[in-house]
Amino acid sequence: ELAPWLVEAQAALDATFWSLKQGHAPYSALLRPGGELHAALGILNAVLRGAPPSAPPLGCALFEAADASVAEPVAPLRGALLSALRFVKELQRQAAHTELRLQQPLLHVDEPAARDCAILAALAPARLGFELGVVAAPYRRVRQLACEVCMRSHARDAAAFVGAVQRLVGAPLEALTTAELGRRDGSGDTLSQQALADGLLHLRSVGRAAAEASLPRDVKSYAAALAGRVLQAPASLRPLEQPLLETCFELAVELGHSPLSLLRSIDESCAGRLFFQRFRAKVVSCLLDVPADDVEQAVDCIIAAASGRNDLPGAPLWRLLLVWVEQLERRRDKPSEPLVRAIDARLPPLLSRPAWPDPARTDGMLALARRLIGLGAHLVLLAPGGSCLLDGLLCLLRADNGLPTADRRRAVVEVFKLLPQLLRWLRPSGASAGRLGALVCAVRAMLDNEVPLSFSELTPARRHEVQELLRPVLDAVADPLVRSRELLLTVLRLEAVREPQLGAGHAEAAAAGAGGEARGARNGQREAARVLR
């Protein structure tokens, strides 16, 4: 019997709302006892109080259908509640004006009932008959309106709003930080907590003051308690508990919990490492929120966790630095200088570390160096006190850099791939002349050590190694944006590059090994002639 009445109530509230909104009827028609729209106030209060006018007083029995195991249709209830909250929101907006006639309509509304209804719709939808876990667009619209009504109710009477929140959802709010995880019979509680955490997040996005006033304790300690629950979660979780912890983690960060403390926990405890395995994507999203004063400490925490005793197999913590820089490249509204300087100061020991558990980490650090050059080359290459990044790269070009032979050769190739970026900033004149000279000398020494006198005397395997080494150098010579005379002369010093074209008897060797190098050398010679002229 309630469903038809709810449909009629929604239609009446919608017609009244739009008539007033569009100016088709004056507010006096709503306020005057004999007015055409006056009945809408009774319908509005009936929906908010949870019973139709013709029924005996049932309190909120209509909206407790889920608890009473009564199969009430959700769609009519949702529609009526949506219309009622929209009507209340409009009346609250009008009441914010100083004009007395616009404040009067709200005086005829049961504000405590509207406030309680909005709080439950935002934070405990199951108590209004909504199914747990409902995330469809219609319910999101109800929650949006409920949060806006909560925000305006808090602005009108903060003490009454806080009291209502503690009366209605105070215990669930406290349980959100302390409830036990992993229980077999806890699915209903988990879904209720998920709805509560989602509602708090949404309420904070709409009205920060109302959301923080709803918490059972001060914001800082509540955020720390939420983060503690996430960090101390057991290894075995039910499927519904993982998204709940993700929402709690997001809520803790939104409430101001420091991302730096989360990064520290990764290195300091097994629970922290388990936390990183579960919430790697969330941790990455928090990096942009690290304050500029804490960036150096955050970088140290990541490096310690990636290279220390607490390293995680299959969880490349060291890539957090690379992802952090990539995020800053996409977010130009965030300052990048603190992070670029912090990583630059720590690159030399990272690039020259001889005992990486995973050899691919050297490649990752070189990729990080490439990103740093692209994000702030003037900071990492032209700094007055010297270039830590360039020093680290020069260490990799030394024969005694401590890496195994195969890893050392791969590292040298990756450094050579950085030559175009480096040479665009290091010029033969000015403050960077000395750094350019050191780089060219290191490249020359490596090429003299690795490139033979002739390609024809190489085995196929060795020829392939030399090809990999020379290719990025020749690409840098041919780069029209570089035009480095110093690098060109370094390449032309090599006997193998200047050797004459091979005869017909060595055609197979030329096609297999020296063809690319010969073409690159001829292009380089033409470029040299043009530059020297």
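Of the 533 residues of the protein chain, 50% count as buried (under 20% relative accessible area with a 1.4 Å probe, protein chains only). The model is predicted, with local features requiring pLDDT of at least 70 and side-chain atom pairs pLDDT 80 or more, while totals for chains, interfaces and linings use all residues. Residues are numbered from 1 along each chain as its sequence is written, and side-chain values use heavy atoms, without hydrogens and water.

**Exercise 1.** State how many helices and strands the protein chain has, and what share of its contacts is made by residues 24 or more positions apart.

Solution. Step one: the secondary structure consists of 27 helices and zero strands, taken as DSSP runs (helices H or I, at least four residues; strands E, at least two) numbered from the N terminus. Step two: among contacts (heavy atoms within 4.5 Å) with a separation of 6 or more, 73% join residues 24 or more positions apart.

**Exercise 2.** Determine how helix 6 packs against helix 8, and which residues meet.

Solution. Step one: the axes of helix 6 (residues 111-123) and helix 8 (residues 158-178) lie 10 Å apart at an angle of about 55°. Helix 6 is therefore oblique to helix 8, since angles under 35 degrees count as roughly parallel, over 145 as roughly antiparallel, 65 to 115 as roughly perpendicular and the rest as oblique. Step two: the crossing of helix 6 past helix 8 is right-handed. Step three: Arg115, Asp116, Ile119, Leu120 and Leu123 of helix 6 meet residues of helix 8, including Phe161, Leu168 and Val169. By class, this contact of helix 6 with helix 8 holds nine nonpolar, no polar and three charged residues.

**Exercise 3.** Determine the arrangement of helix 21 and helix 23.

Solution. Step one: helix 21 (residues 405-417) and helix 23 (residues 433-450) cross at roughly 135°, their axes coming within 12 Å. Helix 21 is thus oblique to helix 23. Step two: helix 21 passes helix 23 in a left-handed crossing. Step three: Arg408, Arg409, Val412 and Phe416 of helix 21 make the contact with Val443, Met446, Leu447 and Glu450 of helix 23.

Methods. Axes are lines fitted to C-alpha atoms, for helices over the stretch in contact, and angles run from 0 to 180 degrees between N-to-C directions. A crossing is left-handed if the near helix is turned anticlockwise from the far one by less than a right angle, and right-handed if clockwise. Ala, Val, Leu, Ile, Met, Phe, Trp, Tyr, Cys and Pro count as nonpolar, Asp, Glu, Lys and Arg as charged, and the others, Gly among them, as polar.
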